[in-house]
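This report sets out selected features of one protein chain. Please consult the sequence and the coordinates alongside the text.

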Amino acid sequence: DNQVSLIINNKIIEEGNTNNVLGNPINSALWLINKVCESGQIMLKGQFISTGSCTKAIKLKPHQNIKAHFLNLETIEFKYI
């Protein structure tokens, strides 16, 4: 479990936790894989999957500075242009 802060232009916009993704992102990945198999489809080597998000989705606007701070890990930062 890891707390996450979404910061836009140095203001905390949203906070969440990795537990928000079915208790653990691995549970989310396993759920997706099982659903794909149940439908008769297969997952191919090299395919990417998204396990969900720790926070709700936020619409970005041009020229914003975005940071996602993961308490026990690192901070990811970029400028949306």
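The sections below treat strands, loops, helix and surface in turn.

## Basis of the report

The structure is a predicted model. Residue numbers start from 1 along the chain as its sequence is written.

## The hairpin of β1 and β2

Strands β1 and β2 run antiparallel and are joined by six bridges. Within this pairing, Ile-7 has Ile-12 in β2 as its bridge partner. The two strands form a hairpin with two residues between them.

Asn-9 lies in the loop between β1 and β2. The phi angle of Asn-9 is positive, near 50 degrees, in a residue other than glycine.

## Ser-5 in strand β1

Strand β1 spans residues 3–8 and includes Ser-5. The relative accessibility of Ser-5 is 13%, so this residue counts as buried. A polar contact of 3.4 Å links the side chain of Ser-5 to the side chain of Glu-15.

When residues up to four places away in sequence are not counted, Ser-5 touches Glu-14, Glu-15, Lys-67, Ala-68 and His-69. Of these, Glu-15 is therefore both a residue that Ser-5 touches and the partner in its polar contact, while Ser-5 itself is buried at 13%.

Strand β3 (residues 64–70) and strand β4 (residues 75–80) run antiparallel, with six bridges joining them. Lys-67, which Ser-5 touches, has Glu-77 in β4 as its bridge partner. Four residues separate β3 and β4 in the hairpin that they form.

Leu-73 is in the loop between β3 and β4. This residue is exposed, because its relative accessible area is 61% and the exposed class begins over 50%. Along the chain Leu-73 and Val-4 are 69 residues apart, and their C-alpha atoms are separated by 9.6 Å.

His-63 is placed in the loop between α1 and β3. Although His-63 is not a glycine, its phi is positive, about 70 degrees. At 58% relative accessibility, His-63 counts as exposed.

Leaving aside neighbours within four places in sequence, the contacts of Gln-64 are Ile-8, Asn-9, Phe-78, Lys-79 and Tyr-80.

## Thr-18 in the loop between β2 and α1

The loop between β2 (11–17) and α1 contains Thr-18. Thr-18 is buried, with a relative accessible area of 15%. Which residues surround Thr-18 when its neighbours within four places in sequence are left aside? Thr-18 is in contact with Asp-1, Asn-2, Gly-23, Asn-24, Pro-25 and Cys-54.

Thr-18 and Phe-70 are 52 residues apart along the chain, with 9.4 Å between their C-alpha atoms.

How many salt bridges does a search of the whole structure find? The search finds one, and it is formed by the side chains of Lys-35 and Glu-38 at 3.6 Å, N to O. Both residues lie in helix α1, three residues apart, which is about one turn of the helix.

Lys-35 counts as partly exposed at 40% relative accessibility, whereas Glu-38 counts as exposed at 61%. Glu-38 and Asn-20 are 18 residues apart in sequence, and their C-alpha atoms are 24 Å apart in space.

## A nonpolar surface patch

Ile-26, Leu-30, Ile-33, Met-43 and Ile-49 make a nonpolar surface patch of about 400 Å². Leu-30, one of these residues, is located in helix α1 (residues 25–38). Its relative accessible area of 47% makes Leu-30 partly exposed. This value meets the patch criterion, because patches are made of residues with over 30% relative accessible area.

How values were computed. This is a predicted model: local features need pLDDT of at least 70, side-chain atom pairs count only at pLDDT 80 or more; totals for chains, interfaces and linings use all residues. Side-chain values use heavy atoms; hydrogens and water are left out. Patches are made of residues with over 30% relative accessible area and no salt bridge: like charges are joined within 9 Å, nonpolar side chains (Val, Leu, Ile, Met, Phe, Trp, Tyr) within 5 Å. Accessible areas come from the Shrake-Rupley method with a 1.4 Å probe; for residues, only the protein chains shown count as cover. A salt bridge is a side-chain nitrogen of Lys or Arg within 4 Å of a carboxyl oxygen of Asp or Glu. Buried means under 20% relative accessible area, exposed over 50%, partly exposed in between (1.4 Å probe, protein chains only). A polar contact is a pair of N or O atoms within 3.5 Å; within protein, one must be able to donate a hydrogen and the other to accept it, and residues adjacent in sequence count only if both atoms are side-chain atoms. Contact means heavy atoms within 4.5 Å. Two strands pair if DSSP finds at least two bridges between them.
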